[in-house]
Structure formats: C-alpha cells, structure tokens
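Good morning, colleagues. I would like to take a few minutes to discuss the side-chain links in the structure now being shown.

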Amino acid sequence: MKSFTSLMLLFLVFNCMAQEKKIWAKSYLNKKAPELIVEQWLSETPDTKGKFVLIDFWATWCAPCKRAIPKLNAFNRLFHNELVVIGISDEPWFKVRKQKNPAVEYFSAIDSRKRMKRKYKIQAIPHCVIINPEGIVVWEGFPEQPGFELTTEVIRELLNNG
C-alpha cells in the first residue's frame with residue numbers, strides 16, 4: 001500500500017509540473033506593456049521612473065482579490081525601493097474606498113471605463129502584471145495559480161535579473 005501511495009504522490013507531482021501556466025488575459029510577457037491609464041488616483045500618484053511596477057487588477061466583490069491584498073501589502077513593504085505596487089479597480093471610487101478589511105496599503109486607482117482591462121483583455125481577476133523599468137512585462141497571471149504563484153522569491157528573482 002505504501003508503494004501505491006508513493007506512486008500516486010509521484011504522479012501528482014509530475015502532473016502538476018507538466019501543467020502549463022494559464023492566463024485569462026492577453027499575454028504581454030516579454031513585450032512592451034500598454035501605457036498605464038487611470039481615471040482617478042485614490043492614493044497619491046506613484047513615481048514609477050526607474051522601478052518595477054506590479055499592477056493588480058481587482059475588485060472589492062472578488063474574494064481571491066481580497067485574499068491577495070495582505071500579500072501585496074507585504075510586497076509593497078518589502079520591495080518599496082525597487083517595486084511600485086498599484087491596485088486598479090473598475091468600480092466606483094466610493095466602493096474601493098470602503099475596502100478596509102483588509103486595507104490596501106499600496107497605490108490605488110480606479111478606471112471605471114475599463115480602459116486598462118480592455119487593453120490587457122482581462123477575462124478573470126485578480127490579474128497581475130509586473131513591468132520592468134524598461135516597460136517590458138516580465139510576469140503576468142493569476143497570482144495564486146498553483147505551481148505559478150506570485151511569491152516573494154519570484155519577485156526577488158525578477159528584481160535581481162532586471
């Protein structure tokens with residue numbers, strides 16, 4: 001029975017490793033990112049010059065989006081000298097401002113006309129992109145996709161490899 005269990009575990013590991021990363025948006029990986037356009041900043045306007053930019057497309061009604069906020073807050077604190085974290089929602093400003101639990105501690109904006117969402121052709125949220133200082137997308141996707149999670153280690157690697 002032990003060998004069967006071990007064999008099943010091995011099968012699951014290889015199956016997970018063989019899976020490809022899924023993306024529910026147009027891929028811009030290794031391409032120039034669309035220009036950042038927002039309708040209104042709910043925080044101060046970030047200075048992105050010479051920094052990596054993490055854009056999180058999210059909504060207050062989206063449970064996975066809300067679960068990602070503490071992790072994005074941590075990225076913001078840990079990498080604040082090299083990485084600008086921006087949350088963009090297509091909801092009205094008053095709904096986004098009500099989001100207190102968990103509180104968003106990074107830059108926040110709204111785009112109720114969904115211009116950015118259309119440019120990226122986003123079909124599911126949360127969707128994150130990381131753009132390097134040259135404006136090239138170096139990471140994209142659902143930040144909690146098993147096997148392809150956006151982690152501190154992933155961000156550190158991206159920052160170190162420029």
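In this predicted model, Asp90 and Lys117 form a salt bridge, with their closest N and O atoms 3.0 Å apart. Asp90 sits in the loop between β3 and α3, and Lys117 belongs to helix α4, so the pair ties together parts that are 27 residues apart in sequence. Asp90 is buried, at 19% relative accessible area, while Lys117 is partly exposed at 23%.

In total, the structure holds four salt bridges, and I shall turn to two others. Glu144 pairs with Lys71, the closest N and O atoms being 2.7 Å apart. Because Glu144 lies in the loop between β6 and α5 and Lys71 in helix α2, this contact joins parts that are 73 residues apart in sequence. Glu144 is partly exposed at 36% relative accessibility, and Lys71 is partly exposed at 26%.

Helix α2 also contains Arg77, which is linked to Glu105 in the loop between α3 and β4, 28 residues away.

Let me now move to the cysteines. How many disulfides are there? The count is one, joining Cys62 to Cys65 with an S to S distance of 2.4 Å. The link is right-handed, with 75 degrees about the S-S bond. Cys62 is buried at 4% relative accessible area, as is Cys65 at 0%.

Note on methods
Residues numbered from 1 in each chain as written. Predicted model: local features only at pLDDT ≥ 70, side-chain atom pairs only at ≥ 80, totals over all residues. Heavy atoms only, no water. Disulfide = S-S within 2.5 Å. Buried < 20%, exposed > 50% of the residue type's maximum accessible area, 1.4 Å probe, protein only. Salt bridge = Lys/Arg side-chain N within 4 Å of Asp/Glu carboxyl O. Helix = DSSP H or I, 4+ residues; strand = E, 2+ residues; numbered from the N terminus.
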